[in-house]
Amino acid sequence: MGKLFFIDARTNPDVPLREGTTMFMVPRDTPGFRIGKVFNKSGWRFYQNGEMIFENARVPHANVVGKADASDMKSRGGDRTGGDIFGDLELAANALGVCEDACEQALAHSRTRTQGGKVLFEQQLVQLKVNRMYMLTEALRSFVLRVAWEHDRKMHSTNPGLAMNFSTDVIQEVTELNLEIHCDAGGEMDRRAEKLVRDSFIWSHLAGDSVQRMKVARRLAK
């Protein structure tokens with residue numbers, strides 16, 4: 001459990017939320033602050049979600065991060081690095097790492113596991129699945145590198161959002177294909193392959209639902 005928390009709090013109720021939010025550093029031992037229930041998640045279990053309960057807790061002004069009423073940087077036209085929205089690039093890059101792991105798992109498993117006296121990789125269906133996994137992963141890699149190149153040059157475009165949406169489709173298909181390859185030879189469910197599938201679910205909520213896709217589409221019209 002963390003010892004220091006960064007909390008966004010509404011500090012000016014008379015203005016819109018985006019203009020009245022302040023970020024505070026809150027040590028865990030702050031009087032009146034405690035951790036409540038930590039939720040059991042299906043994916044991203046390393047990234048804990050839980051209740052943070054404040055009961056007459058007082059945080060000194062010295063613990064303000066940045067300026068008061070100005071913590072919502074992304075809604076003000078970009079991220080703190082000055083390039084395009086970094087959260088989109090970060091999500092796409094994270095998905096790429098998961099896809100790389102899934103590809104390595106699938107290839108290693110199919111080249112070492114036997115079925116009916118033959119190596120699993122000799123099956124044409126398995127080869128087609130591995131082919132598609134690598135094809136999609138490399139397409140996502142190219143998109144991520146393009147967005148990173150634009151980000152370094154502080155170029156603003158719709159590519160970060162498009163890459164984020166695309167990463168949702170890719171990570172879910174690639175991890176599911178990896179799980180299928182592990183199940184093709186029968187036997188018990190592979191926990192590592194299953195974990196990647198569970199982690200991929202998160203992208204539906206963060207990067208690829210219809211709301212996110214429509215937001216990106218509206219960027220195209222500007």
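Trainee: Which helix does His-182 lie in?

Mentor: His-182 lies in helix H3. Keep in mind that this is a predicted model.

Trainee: Is His-182 buried or exposed?

Mentor: The cut-off for buried is under 20% relative accessible area. His-182 has 7%, so His-182 counts as buried.

Trainee: What does the side chain of His-182 reach?

Mentor: Look for the backbone oxygen of Asn-178, at 2.9 Å. Leaving aside neighbours within four places in sequence, His-182 is also in contact with Gln-105, Ala-106, His-109, Asp-190 and Ala-193.

Trainee: Now the nonpolar cores. How many residues has the largest one?

Mentor: It has 31 residues, and Met-133, Leu-140, Val-174, Ile-181 and Trp-203 are those with the most contacts inside it. Helices H1 (86-112), H2 (124-152), H3 (159-184) and H5 (202-206) each give two or more residues to this core. H1 supplies the largest share, 10 residues. There's also a second, separate core of 6 residues, including Phe-5, Ile-7, Phe-33 and Val-64.

Trainee: What is Leu-140 in contact with, beyond four places in sequence?

Mentor: Its partners there are Ala-92, Ala-95, Leu-96, Cys-99, Ala-163, Phe-166, Ser-167 and Val-170.

Trainee: How far does H2 reach, first C-alpha to last?

Mentor: H2 has 29 residues and reaches 42 Å, close to the 42 Å expected at 1.5 Å a residue. Lys-154 follows H2, with a positive phi near 55°.

Note on methods: Residues numbered from 1 in each chain as written. Predicted model: local features only at pLDDT ≥ 70, side-chain atom pairs only at ≥ 80, totals over all residues. Heavy atoms only, no water. Core = buried A, V, L, I, M, F, W, Y, C linked by side-chain atoms within 4.5 Å. Buried < 20%, exposed > 50% of the residue type's maximum accessible area, 1.4 Å probe, protein only. Helix = DSSP H or I, 4+ residues; strand = E, 2+ residues; numbered from the N terminus. Contact = heavy atoms within 4.5 Å. Expected span 1.5 Å × (residues − 1). Polar contact = N/O pair within 3.5 Å; in protein donor to acceptor, adjacent residues only side chain to side chain.
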